[in-house]
Amino acid sequence: MFDGIAKILYNMSMNHYVDKSILPYQTGQIAAYELQVRTCRDCPLALTRTQAVCGNRRYQGDIMLLGEAPGAAEDRLGRPFAGAAGKLLRQFLAESQIAEERLYIGNTVKCRPVKPGKRPGTWSNRPPAPGEITACRRHLQTELALVRPKLIVTLGAVPLSCFTQDKPQMSQYHGKPFIAGERAVFPLYHPAAVMYNPGLRQAYEEDMRALVRYIQEEII
Ligand code: SF4
C-alpha cells in the first residue's frame, strides 16, 4: 500500500533525469526518502527555502559527488549544482572523462542556508551551520544507503567533515583519498572555491587527474 502511494508520488514529482535501471522496490524507498526531504522541517532552513533539493536521481551511480548545500539557483530550480559552480564542476568532469552515468550528485545539507544580502530584502548564500549539518545528517545517511557508492568525492570542507574526526582543513586533505568505515573518500576543493580563488585552479586540475587515476586503479 505505502509502496504504491510512494510510487505514485515519485512519478508525480518527476521533472528531470530518472535512473531507468532502478529496481521497483527501490522506487518506493527513493520516493519515501525524497518526500521526507521535501517535507522536512527539522531545522530553521525550512523557513527560508523555496524548496529542499534532493540529489540528481542517478541512484545506481557508483561515485557520489557530495557538495555543501544548495545556493540560489539550486533553491530556485530544485536541482543540485545548477548554478555557476555546477557549470565549472561539469567542465572539470567533462575534461576528466568520468562517465556522467556513474555519478550521483547531491549535497550534505538539502536546503539553502542564507544571510541578509547587501541590498535590503535580498538574501546571500552562506555555509551551513554545524547544527544544520547535524539536523540534515539523517537524510545523508538514507541517501548513502540508497546509492551505496563505492567512492564519495567530497567537494569542500563541509561534506568532508562528515567523514573525518577533526575539523578538516582543505589544504591538508585535498587530493588525498582515505577510507572512512566501509567507504573510500576522495576530497576535492569545492568548485566555488576555484571560482573565487583562481590560484587554486592548478591544484584542482591535479586533484582531478589524481581522482581519475584512483578510480581506474581502485574503484573499477
Ligand atoms: S536542511 Fe535538512 S534538516 Fe534542515 S529543513 Fe532542510 S532537509 Fe530538513
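The model is a predicted one, in which local features need pLDDT of at least 70 and side-chain atom pairs count only at pLDDT 80 or more, while totals for chains, interfaces and linings use all residues. Residues are numbered from 1 along each chain as its sequence is written.

## Course of helix 6

The end C-alpha atoms of helix 6 are 24 Å apart, which agrees with the 26 Å that its 18 residues should span at 1.5 Å a residue, the expected span being 1.5 Å times one less than the number of residues.

Among the buried residues of helix 6 are Glu132, Cys136, His139 and Val147 (buried means 20 or more other C-beta atoms within 10 Å of the residue's own, exposed 12 or fewer, and partly exposed in between, with C-beta atoms placed from the backbone).

## Shell around the ligand

The ligand is surrounded by 15 residues, of which Cys40, Asp42, Cys43, Cys111 and Cys136 are the closest; a residue counts as near when its C-beta atom, placed from the backbone, lies within 6 Å. Two or more residues come from each of helix 3 (45–48) and helix 6 (130–147), and helix 6 gives the most, with four.
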